[in-house]
Every structure is written in structure tokens, then in C-alpha cells.
Amino acid sequence: MHLRMISIGAAGLLAVIVLTSPSEGPAAPVPRTVETSGLDFVTPETQQRINKGLAYLASQQNEDGSFGTSMHRHNVAVTALGGLAFLAGGNTPGRGRYGANVERAVQFILAATDPNGFINVPDNTVHGPMYGQGFATLFLAEVYGMTPRTDVREKLELAVKLIINTQNKEGGWRYLPVRSEADISVTVCQIMALRAARNCGIAVPKSTVDACIKYVQDCQNPDGGFKYQLLRGSPSVFPRSAAGLVALYSAGIYEGNAIERALRYLENQVPQGDLLRHESHYFYGQYYAAQAMWQAGGNYWNRWYPAIRDELSRRQMPDGSWPDAISSEYGTAMACIILQLPNNYLPIFQR
């Protein structure tokens, strides 16, 4: 099974689309070759909430370009997601209302990449640094696809090699950059990073791709959801099940029994707008579920996006943020990415 290449010219057409789009207000018209039907769902009120969210993010960026406070300060995952939120609004390094914020995030991630390709800040003790590796590599790949810079490519290639070289025998990854255990949550982060890297011209071995997709397929439960680990059979849970389906789509698997079962599982989890819910990993799950429904299209998307759009509207705070146990920067970045999916600016999310 192969990762599907997006035939848009990562450094060509996409650059034109992003560099000419406004960073506030309704998205500008985009070429016919790019999916635009989703833009109908971004209401003026939704755009206002996105604008407030991006403004909040910009106000919270640390001087060194990172995002995150207290124990999550200098967190590469939160920083990468903040950068992706700005990219999803049509900003690129040095261009757009938040172009300077994107550039500062890029510089922070580049500085955090060691000679072995590990993207990490030594004084940051947050659990699971391979989450940061996956999200940060994805961010660098999206930046490189839009602005092909030598400094970004050099660190991106190192980061991709580290992911490839730390894949375990089952085909997955876990919290640390070592060939030991694996879980589907961390594995999907690496799959998305590898797909984004391959889309912009970075070499990824077919054997690596085949192994990680087999791992995801082996994690699917009979009910269509996904278990946490192969060796520890576990029930399906919404966040990782949404991630598992996105991983299959990323591999170019768009139909078949596995896809149908996963979609049926997720359909039963459509957002209900209940503000009293405090489920674990809320934004992680919604981040992947929105991507899955965007790829599925049709009635799946038509039902899901308005539901999550309205639910997020109710959850937004007066200062423009979305609170989360990890940090408000994390929640806000995730919410902005979800709400801006219809913009279709980021190569990794394109149909």
C-alpha cells in the first residue's frame, strides 16, 4: 500500500493559494483544482471566532517562538499545532497577518531539532516526546511544501530519518524514539508526518509505509473502532478510532470493509453540543474526526462539520481561547485547525 501523492505541486500551486489569501475575513476564492465546497460551511460568525482564536494564539506566543505555559512551556507539539493553525488560515513564514508568528514557530522547531533528527527541548519533561516529533515533523513538511527553504528541508530530512529508524517490529511507534513498544495514537502521528514529508518530496521507504499501515489495520476491532495496542487487547475509544481512520485514508485506502466499519463507528459519536462533557482527549479526537469526515465527504461531512462547528462555538471563551487540560494554546490551536479545514490550504488535509 502506498501513500497517495497529492498532485498539486507542493511548492507551486499551493504556494500561490496560500500566499495570496487573506489572514482575516472569509477565505478568498481558490483555483478550481482545489476542493472549495466546504467553504459554504464557514459562516461569518465562524470566521469571527476563528479570527479571535488566531489573535489569542498570537498573543500567547513566547518570545522564543514556542507556545505553551507552565509544564507545557517550550512544548514542540503545541508549538507545531499553533503554527499549523496559522498556516490553515493562509499565513506562511513572513507573509500574512500572522506570517511573523509562523516564522518564529519555524525557527523554534528548527532550533529544537538535534543532529540525530530528534525534535525536543531538553528541559521539557512532558510525557511522550514522540507526539512532539510527529506534530513538529508534520509542521515542517507543510511549511516546506509552501515555502521550499533549504534550512527547513535539512531539518525535515533529519526528523523523517529518525521516525523511520525508530519504527518497531510491529510497524509502530510509542512515546520514546526507540524500537520497543508501539501504540496506535503515537503511530498515527508518525504516519501523518511521513505522508506530509513524502508529499513534498522527502524520501520515505515503501517498507516503512507498508509496516505502519499494517499495524493500524491490525489494531481495528470488530466494531470498526481501534484498540490501543496489539498486545493489550482493548475496547474501541473515539479519539484513537478517529485517528485510525485518518491513517487509513492517508495510505490511500478510501473504500472497503475497514473504512465502512470505521465510519459507522464514528457516526455514532457526532458532536451533540453538550458543554458538560469533559471526555479525555477531546481536541485530539475532534481533530482527527473532522479530517476523517472531510475525506469521506458527502453526508458524512455535511452532518459532522456543522455539529462540531456549533459545539466549538459554544466552548470558546470570551478572550478567544478554547480551554483544555494540556493548555489553552493547545485547545485553541486544535479548534482553529478544525474550523479552518474547509479552507483546504494545508496539503495534508486536501481531498
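This is a predicted model: local features need pLDDT of at least 70, side-chain atom pairs count only at pLDDT 80 or more; totals for chains, interfaces and linings use all residues.
Residues are numbered from 1 along each chain as its sequence is written, and side-chain values use heavy atoms, with hydrogens and water left out.

Let us start with the rings. A search of the whole structure finds 14 aromatic pairs; rings of Phe, Tyr and Trp (its six-membered ring) pair if their centres lie within 6.5 Å, and planes under 30 degrees apart count as stacked, over 60 as edge-to-face and the rest as tilted. Phe135 and Tyr287 form an edge-to-face pair, with 6.1 Å centre to centre and 70 degrees between the planes. Because Phe135 lies in helix 5 (residues 129-146) and Tyr287 in helix 11, this pair ties together parts that are 152 residues apart in sequence. Helices here are DSSP runs (H or I, at least four residues), numbered from the N terminus. Both Phe135 and Tyr287 are buried.

Tyr284 and Tyr288 also form an edge-to-face pair, at 4.9 Å centre to centre and 70 degrees between the planes. They are four residues apart in helix 11, so about one helical turn separates Tyr284 from Tyr288. Tyr288 is buried, with a relative accessible area of 1%. Ring pairs link Phe135, Tyr284, Tyr287, Tyr288 and Phe349 into a cluster.

Now on to helix 12. Helix 12 (residues 298-315) has 18 residues and reaches 26 Å from its first C-alpha to its last, close to the 26 Å expected at 1.5 Å a residue; the expected span is 1.5 Å times one less than the number of residues. Its buried residues include Trp301, Trp304, Tyr305 and Arg315. Among the elements that cover the buried residues of helix 12 are helix 2 (44-60), helix 11 (282-296) and helix 13 (328-339). Arg315 lies over the face of Tyr282, at 3.7 Å from the ring centre (a charge sits over a ring if NZ of Lys or CZ of Arg is within 6 Å of the ring centre and within 35 degrees of the ring normal).

Definitions and conventions:
Helices (H or I, at least four residues) and strands (E, at least two) are DSSP runs, numbered from the N terminus. Buried means under 20% relative accessible area, exposed over 50%, partly exposed in between (1.4 Å probe, protein chains only). Contact means heavy atoms within 4.5 Å.
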